[in-house]
Amino acid sequence: MAVIEISGLKKSYRVYQKREGLWASLTGLFSREFRDVRAVRGIDLTVDEGEFVAFLGPNGAGKTTTLKLLSGVISPTAGDARVMGFVPWERTNEYRRRFALVMGQKNQLWWDLPAAESFRLHQQIYRIEPADFDHTLAELTDLLDVGKLLNQPVRELSLGERMKMELIAALLHSPEVLFLDEPTIGLDVIAQHNIQKFLKHYQEVRRITILLTSHYMKDVAALCQRVVIIAQGQIMYDGSLAGVVDSFSTHKVLTLQFADDQVPSDLDRYGELIELVPPKVKLRVERVDISRILSTVLADHALEDVSVEDPPLEDVIADLFTQSSEQAEREEVAATQ
Amino acid sequence: MLARAQTWWTILRICIEERLVYRGDFMLGTLMRFMPIITQIFLWTAVYAAASRATLPGGFSKDDVIAYYLLTMVGRAFSSMPGLASGIARQIREGEIKKFLIQPIDLIGFLLLARIAHKLVYYAVAIIPFGLVFYLCRDFFTQGWPPAPVLAAFVLSLIMSFLLGFFLEAAIGMIGFWFLEVSSLLFVYMLFNFFFSGHMFPLTFLTEFLPGWLQPVMQYQPLQYLAYFPAAVFLGKISGPELVQGLMVQAIWVVVFVVVCRVAMQRGFKRYSGYGG
């Protein structure tokens with residue numbers, strides 16, 4: 001069953017353009033120039049109940065804007081979205097009691113009070129039955145191992161501990177849909193891992209629908225069955241993480257280990273040289289050429305070892321982002337000419 | 001209904017706890033705030049001597065003016081809202097306001113409860129220096145305690161002055177949805193407040209110097225209810241039908257600013273979600 005349905009969703013911001021210099025600042029007082037930033041340029045997406053979906057994309061791709069639209073913080077310029085049948089930006093209390101948004105950089109807890117007090121407040125504003133509240137809180141604090149920290153002022157907690165408390169605050173009312181914006185940002189590897197482990201477990205047990213944005217490929221690889229790549233406000237890919245490489249990688253990495261420590265000097269004709277540590281050579285070879293080149297190499301040289309691998313996922317995605325931003329720049333230039 | 005009352009109570013309780021974290025040394029601070037009373041005593045003694053009149057406009061004797069000054073400090077303890085408008089503007093600027101779009105909680109209701117908590121904690125501590133200063137200055141209250149109905153009107157007026165101050169300043173804070181910085185606007189407001197709330201001297205002194213067409217404005221303007229009106233009621237300078245009318249006008253202003261504040265918030269949220277977020 002579709003929990004999130006998005007069609008043709010667009011969001012533009014009008015940004016005030018300030019030119020440099022004092023004179024420009026003065027004239028800016030009277031006539032202002034604005035530029036439209038199209039943060040989201042028409043997104044169509046359907047997410048089913050119990051899916052754990054990752055939004056990947058470079059900074060400014062429109063990931064956070066999409067989450068803000070879905071949580072009702074902003075309203076779209078065009079298009080439509082339904083979450084559990086609700087239009088998010090109508091902000092009805094019925095909707096607001098059924099989802100949660102966690103932003104890694106924003107604090108929802110009361111800084112000077114113990115987290116337990118913030119949780120009490122959430123119990124009230126989300127109208128959580130006392131029995132449910134006690135049960136959920138015990139379960140969450142146990143899973144995240146923060147029972148001892150509940151009565152300590154939030155300002156005294158470490159970043160990782162605070163993030164755990166943020167998650168508890170967001171999950172107390174047992175939301176059916178959870179939006180996570182960079183939940184592991186700024187955390188060390190261990191804290192990241194703990195949060196991942198928790199999210200994975202929680203999602204598997206509760207089968208809630210989660211949309212997550214992250215920069216860390218490890219978050220995504222550990223958690224999400226489905227990946228949506230957003231760049232320049234558009235969806236570029238929607239599928240499994242493994243499929244990203246198949247869809248976007250144009251080349252493979254060919255590793256050759258030559259016999260007799262003899263590395264031929266004419267490697268260029270096979271492909272682009274990435275690494276040369278005799279007798280080992282790494283070459284970047286176009287995907288379409290791989291079988292032809294492999295057979296030529298095997299015929300011409302004595303080899304001790306051969307491997308053909310996909311390039312690392314991080315590299316593929318990084319390439320993808322670079323391509324898309326270059327393309328966007330070209331479009332922008334074309335549009336202004 | 002019961003659930004809502006319980007929510008409010010929890011918010012109030014948590015806000016009180018939060019305020020208590022910062023109890024600090026504001027008892028001493030409050031006492032220091034009464035220091036100008038000494039200057040006031042000298043100042044008004046000199047003014048009355050120079051004017052060679054027993055009373056100034058509005059029927060204020062020298063002792064009345066000093067008692068008035070002390071009473072406006074009580075009024076301002078209710079009606080002044082330190083950090084309210086700038087706090088709202090800061091929350092908008094820094095995006096904290098999002099919380100109120102995402103969670104099922106009313107921004108104005110929440111701020112009001114936080115402010116009530118703030119005030120209750122303040123009164124609990126400030127009652128000691130207030131009591132001390134009033135005791136030392138008791139002789140300036142030449143009439144003693146006012147009769148019970150006047151006292152009741154005074155208390156009612158104080159409570160409404162709290163509400164008026166709150167909704168007025170919250171409405172100014174909502175301007176932060178349109179302009180990122182409200183501090184200069186707040187400065188203008190403070191300037192008007194300084195003259196027209198009457199917290200330096202009774203407003204009746206001012207009316208004499210104002211052009212005729214301003215008189216009706218002065219009679220109905222809202223700022224007078226933040227300091228002048230409750231103090232004048234306590235001293236018996238406003239009584240009878242004039243008192244009833246004053247309370248009614250004050251109540252109307254409270255309603256007006258409740259509406260203004262709420263409309264500004266709704267339009268502000270609409271703008272916020274349309275433009276930024």
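Predicted model: local features only at pLDDT ≥ 70, side-chain atom pairs only at ≥ 80, totals over all residues.

Student: How many residues of chain A are in contact with chain B, and how many of chain B with chain A?

Tutor: An interface is read from both sides. Here 26 residues of chain A are in contact with 22 residues of chain B. On the chain A side, the elements that give two or more residues are strand 1 (2-17), helix 3 (93-96) and helix 4 (115-125). Helix 4 of chain A provides the largest share, 5 residues. By residue class, this side of chain A divides into 10 nonpolar, 6 polar and 10 charged.

Student: Which residues have the most contacts inside the largest nonpolar core?

Tutor: In soluble globular proteins, nonpolar side chains tend to be buried together. In this model the largest nonpolar core has 139 residues, and Ala54(A), Leu164(B) and Phe167(B) have the most contacts inside it. Helix 8 (residues 148-174) of chain B gives the most to this core, with 14 residues. Apart from this core lies another, of 7 residues, including Leu254(A) and Val297(A).

Student: Leaving aside neighbours within four places in sequence, with which residues is Ala54(A) in contact?

Tutor: Among them are Leu212(A), Ser214(A), Leu223(A) and Val228(A).

Student: What does UniProt list for residues 24-257 of chain A?

Tutor: The unreviewed UniProt entry lists "domain: ABC transporter" for that span. In the model, residues 24-257 of chain A are 38% helix and 26% strand, with their end C-alpha atoms 62 Å apart.

Methods. Residues numbered from 1 in each chain as written. Chains lettered and ligands numbered in written order. UniProt positions renumbered as here; feature names shortened; annotations may be inferred. Helix = DSSP H or I, 4+ residues; strand = E, 2+ residues; numbered from the N terminus. Contact = placed C-beta atoms within 7 Å. Nonpolar A, V, L, I, M, F, W, Y, C, P; charged D, E, K, R; others polar. Core = buried A, V, L, I, M, F, W, Y, C linked by C-beta atoms within 7 Å. Buried ≥ 20, exposed ≤ 12 C-beta atoms within 10 Å, placed from the backbone.
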